Amino acid sequence: MASDSSEYVIGGVKVLFPCKPYPSQLAMMNSIIRGLNHGQHCLLESPTGSGKSLALLCSTLGWQQAQAGKCVCVSVRKQKYPGVFTCNLLWVSAPSAETPRGRRKSVASQLSERLQVSLPSSPEEDEDFQPLGKRFRSSEHKVVLLMAFSDLQHKHAFDLGYGTKQLQTNLDMSEPCSHCPCASAKDGVKDKDGKKKIPKIFFGTRTHKQITQIAHELKRTAYSSVQMTILSSRKHTCVHSDVVPHFNRNELCKELLEDKEGRSCRYYHGVKKMGTQHLLQSVHGLCGAWDVEDLVSLGRRLRSCAYYAARELMQGASIIFCPYNYLLDPMIRENMDIDLTGQILVLDEAHNIEDCARECASFTVDNNTLQMSKEELDGLIKLNIRCSDHEPLRGFCCMLLNLICESQALLSERGYESSCKVWSGTEILQIFHGFGIIPDTFSNLKKHLTAVLEKEERAGVVDGKELMKTVPTISSATATFFKSIFMVLDFLFRDNCRFAEDYRVALQQSYAWVNRVPPDVPDANGFFVRPHPTHRKSARVKTEVQMLSFWCLNPAVAFSDLSRSVHSIVLTSGTLSPMGSFSSELEVKFTNQLEANHVINKSQVWVGTVGSGPSGRKLQATFQQAETFAFQDEVGDLLLQVCQVIAKGVLCFLPSYKMLDKLRDRWLSTGLWMKLERHKTVITEPRGGGKGDFDELLQMYYEAVKYSEGMTGALLFAVCRGKVSEGLDFTDDNARAVVTIGIPFPNFKDLQVELKMKYNNQHCKSRGLLSGNRWYEIQAYRALNQALGRCIRHRKDWGALILVDDRYRNNPNKYITGLSKWVRQLVQHHNTFSGAVQSLVAFCQEQQKVQVDLADSQIQTKALASCEKLPEAEEDTSSNLKAEQKEGILSSVQCFKTKILIKRISFHIDLMFGKERYRKINLNAASGSRRGGSNGKNGVMFCPHSAIML
Ligand code: SF4
């Protein structure tokens, strides 16, 4: 526990904070505690670098402890210590033998029980292969914290040994608490004995990397010993050496666990070694906040599965970290056995929560998947396996295939080689009704699915013992298809079809190029001669693709499961603005809203809009304008000048990959790209590709910035809503400027975007939704704010935000109001580009001067200190060390330059030999179908994946 924590009483709750909080942190904690006290929901925007994570952790954990302490203290005081208000901090852990509240057992528990029965139990055997006889599901460890009441004004005496455990008997918590904030809150959830349960905190964030960062923040706090767990995928937590190298770890794991021939996973049987909070903290010493790496290392050491251990640890945990789709997606919630009733839900980085909630309740399937599922069921039926269950499911597949087939005549043209047909949710339910799918028959279908997923069935009774036999089951792809479509149907039929109008079902037909191996053809004698697989060439074939999408257009559908049952929801991000859409879209009343200020000084950030380029040409990145060479050349010249005056890292965000391609093609042909490369190492965000390739590019960018001199550095072209715009940190020199070109509106030709806008227009009056146009604009501002938020990542950081588009200045009421509060407060409109550059240069010089002064004063302080302390000999060593360090840096620079050189050479070699991965841009000016401009030479080639252009 951090000993230097300061104590703050906020809303009647004592909060221990590891440092002096910023005003934005205090404001945030105040909003959260007010929300938790009254069971209300919170919507909080606080810029990156303003200490949002610490404020979230300390306020929620402080409130949780206060709840436990106050409730227990009141009842303990009355029962055991009448008249005495002082008691010590105690952990009370009371494992119950039963599964709580009749909930279904978790996958882990079910498997555990089955393995318990089926595995050998000889004590001589390797411990890893022993049965799980002693393993128990820790069930609801009622973890409560007794706290001291020094008086009735809630002056608690926290024991600084928080986390030390003294087991006590279970305490009666049924006594209503009249002194603490929970008295005014929602009723809360009670366990089977009617005792009030302390809400757990489910802390969801976007990525696993962010979870690790939050766990590190937790370590800094006085609450670091809180009982916790991190839910994660097998990709991050599997410890089986045979499974880890494979990408399909889920499948391999399930196969191992279900194998009846004794091949099971030894690590799974070891879960009991670290599956409870007590074992983890007291026996294995994982007392402070830990991250997934720590649990996996412990798992490897103990030969215990970290994946299942993390799930078991959820039972006794007070705070559970996970990616937030685990909390939103009803299928994942069910698989992971997550019950959010009465709990606190914190969703960090929640700027995309509306999209995520819509996606969680949507599903798309193509005709190939449907056909394969049907054929698989045909096969099982032919083999006479569970025909009574498989046949209705096959019938369901046939129904969807028929629907696709019969709707061909209804398709209407939408664009080049694409057509579609759209039904409303109500219409699709009528169609389903015609096929006999109604709520009753649907519930039968679900039972059939449950039955066919069972891998064993009763074979008879021998000597009074039940014999079970293994039965073949459907593949996991088919199982996933049925589970997903049934999840959508569940929503469509729920509460007398009340969500039906929130759905649109679209059949889209288009064409795709796929690799296909030619069929075997018999020779003259009727023999099939199949070449060796390595010599068998596949052919590119243009294939018709039909996609059937069940789109949920209302995020409140998936969110309604949460908002109705949880104690409080806290939505937070550095870039929630514009905040107006959250309440209406999610149908949640956010009583506590906050747009916190940034913690930096105003002088540390330059925010300017630029409506024209160096030659004075107006820049408006509308669809028509962006197509013209004049626009493309003007943007190119503008960027070149920015790169000439901004040292180190520059990020340039474009509205789409299409525009990125256009600009790159044009600049390659005009030579502008080469000019940019004279100043910066130019890197472009790849459209697809693996994470490894992208990480390599990023590393190259960071190295180019690190080893740059003078005004050189790196320029990274990225796309709003792309890989760079989310979750990546470009601190200090890595982003001294962010340039945004245009306003990143979503693609209005996208059918889903079009339907969503129509849906909002249809319901804006009756349900208080935003109009379609307003919703469309908000998507653009949110993406823009996200891109701008890559710069200024901590209190001492500085940088420039350059918004390139004439519309900002022409219509500020429309285009500036959507920006985050800290950005819009500082916006300056520049009439000319030269004026903007002058201002930018002055800003950079000022910041660099501040930086140099700061560095000088630090060196002086250090030098003074070392002069006083170090003897002469040590000073010599120190100067030697400096020389060595300098040499090290020089060799790193050399190494980086060599790397770049090798990249360029390999690019040339690949270019000469025409490797497939480089595509040729055919600048066919005559046909008018050019993808970019031309400098008069046809056939300019470049590598879309490579960072370094020649
Ligand atoms: S049980 Fe755990 S260790 Fe074993 S394969 Fe599955 S995830 Fe991996």
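A residue is called buried when its relative accessible area is under 20%. At 12% relative accessibility, Y776 therefore counts as buried. Please bear in mind that what is displayed is a predicted model.

Let me turn to the ring pairs. Across the whole structure, a search finds 18 aromatic pairs. In one of them, the ring centres of F203 and F321 are 5.4 Å apart and the planes meet at 50 degrees, so this pair is tilted. F203 belongs to strand β6, residues 201-205, and F321 to strand β8, residues 319-323, so the pair ties together parts that are 118 residues apart in sequence.

The next pair brings us back to Y776. Its ring and that of F745 have their centres 5.4 Å apart, with planes at 10 degrees; since planes under 30 degrees apart count as stacked, so does this pair. Here, too, distant parts of the chain are linked: F745 sits in the loop between β23 (737-741) and α26 (751-767), whereas Y776 is in helix α27 (residues 772-788), 31 residues apart.

Beyond these pairs, one aromatic cluster is formed by F363, F396, F442, F481, F482, F486 and F493.

Finally, I come to charges over rings. Which residue lies over the face of Y511? That residue is K542, at 5.4 Å from the ring centre. R666 lies over the face of F629, at 4.0 Å from the ring centre.

Key. Residues are numbered from 1 along each chain as its sequence is written. This is a predicted model: local features need pLDDT of at least 70, side-chain atom pairs count only at pLDDT 80 or more; totals for chains, interfaces and linings use all residues. Side-chain values use heavy atoms; hydrogens and water are left out. Rings of Phe, Tyr and Trp (its six-membered ring) pair if their centres lie within 6.5 Å; planes under 30 degrees apart count as stacked, over 60 as edge-to-face and the rest as tilted. Helices (H or I, at least four residues) and strands (E, at least two) are DSSP runs, numbered from the N terminus. Buried means under 20% relative accessible area, exposed over 50%, partly exposed in between (1.4 Å probe, protein chains only). A charge sits over a ring if NZ of Lys or CZ of Arg is within 6 Å of the ring centre and within 35 degrees of the ring normal.
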